[in-house]
Amino acid sequence: NKMAMELLKIKPNGLKKILKKAFKKRAPLMIVGPPGIGKSEIIEQVTSELGYALITKFPAIDDPTDYKGMPWVDRENGKAQFLPFDVLLELVNAKEPTICLLDDIGQANMSVLASMMHLFQARRVGEHRISDHVCFVACTNDKSHHAGVTGIIEPLKSRMTSIIHLVPDLEDWVAYAITAGIRPEVVGFIRFRGMEMLSNFQPTMDLTNSPSPRGNKAVSDILDLDLDDRDLELAMIQGACGRGYAVEFDGFKRLFASLDDPRRILTNPDAVNVPTNQPDV
């Protein structure tokens, strides 16, 4: 049936629970999802909550030889060896629980992906053993997202404990947004309009964006600029989340100053000044 054929997908709070358990057991994971839904940010949050160190690497800009190291002749001992480069040396020398995030791994060349298998199988950089304190986690978009992902080779996928498909969730995002200091206008707009304005990824080669959690964070940052010019602000918001979002948000924002939280009106109506001469509010 249809349910049996569909991929089971995990919401942000569910992913946090998985990561906390997996990180403690040093189980490598791969997180897959559309651009801008917070994959890397969730990993950073969990790492911070656990008090672990975080090392981020971008395989898309690496060469295959980076994962073996630089050849070096040790004349004193009469042998040649490979010396790990900066970040990889940190993984070898880690003395505390450390998460290594391989971000946008799906954009890496196939030769780079092949060279990385040694990290997961042998847990080595060349001849140097990676510290037992290190746990790997990878993030990527998939091929349908027009993000330059050509795929992940099977031997690398099979070395992951699991491949988790992440989807955004309205309530999870609102809880995060409040603690992260996202502007109340943006939080209120998403509560009002729902998932369509939180995450509506539309892949395109045009120079436009569609609504996403990352885009909504950008809208909050745009409001913090205090541009004091409606047209300029509207153009900026359009660039962050698209034309449709910008027009609807502009209308909502103009009402926001007169609109109290509906839940506060319901729970404490005597303390709220409910407008009586503005039917739209």
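Which residue in β4 is the bridge partner of aspartate 74? The partner is lysine 79. This report describes a predicted model, in which local features need pLDDT of at least 70 and side-chain atom pairs count only at pLDDT 80 or more, while totals for chains, interfaces and linings use all residues. Residues are numbered from 1 along each chain as its sequence is written, and side-chain values use heavy atoms, with hydrogens and water left out.

Strand β3 (residues 70-74) pairs with strand β4 (residues 79-83) in the antiparallel sense, over five bridges. Two strands are said to pair if DSSP finds at least two bridges between them. Helices (H or I, at least four residues) and strands (E, at least two) are DSSP runs numbered from the N terminus. The two strands β3 and β4 form a hairpin with four residues between them. In the turn, glycine 78 has a positive phi of about 65 degrees.

## Helix α3

Helix α3 (residues 39-50) has twelve residues and, at 1.5 Å a residue, should span 16 Å; the distance of 17 Å between its end C-alpha atoms agrees with this. The expected span is 1.5 Å times one less than the number of residues. The buried residues of α3 are Lys39, Ser40, Ile42, Ile43, Val46 and Thr47. They cover an arc of only 160 degrees around the axis, which puts them on the same side of α3; the arc is that of the directions from the helix axis to the C-beta atoms. Buried means under 20% relative accessible area, exposed over 50%, and partly exposed in between (1.4 Å probe, protein chains only). The cover over these buried residues includes α2 (12-25), β1 (29-32), β2 (53-57), β5 (98-102) and β8 (134-140). Just after α3, glycine 51 takes a positive phi of about 75 degrees.

## Aromatic pairs

The structure holds seven aromatic pairs. Rings of Phe, Tyr and Trp (its six-membered ring) pair if their centres lie within 6.5 Å; planes under 30 degrees apart count as stacked, over 60 as edge-to-face and the rest as tilted. Two of the pairs are tabulated here.

| Pair | Centre to centre | Angle between planes | Class |
|---|---|---|---|
| Phenylalanine 120 and phenylalanine 136 | 5.1 Å | 55 degrees | tilted |
| Phenylalanine 252 and phenylalanine 256 | 6.0 Å | 50 degrees | tilted |

The pair of phenylalanine 120, in helix α5 (residues 110-121), and phenylalanine 136, in strand β8, links distant parts of the chain, 16 residues apart. Both phenylalanine 120 and phenylalanine 136 are buried.

Phenylalanine 252 and phenylalanine 256 both lie in helix α12 (residues 243-256), four residues apart, or about one turn of the helix. Phenylalanine 252 counts as buried at 8% relative accessibility, whereas phenylalanine 256, at 25%, counts as partly exposed.

## Cysteines and lysine 9

A search of the whole structure finds zero disulfides, a disulfide being a pair of cysteine sulfur atoms within 2.5 Å. For cysteine 139, the nearest cysteine sulfur is that of cysteine 100, 11 Å away. Cysteine 139 counts as buried at 0% relative accessibility, and cysteine 241 is buried with a relative accessible area of 2%.

Lysine 9 is placed in the loop between α1 (2-5) and α2, and counts as exposed at 51% relative accessibility. Leaving aside neighbours within four places in sequence, lysine 9 is in contact (heavy atoms within 4.5 Å) with His165 and Val167. Lysine 9 and histidine 165 are 156 residues apart in sequence and 5.0 Å apart in space, C-alpha to C-alpha.
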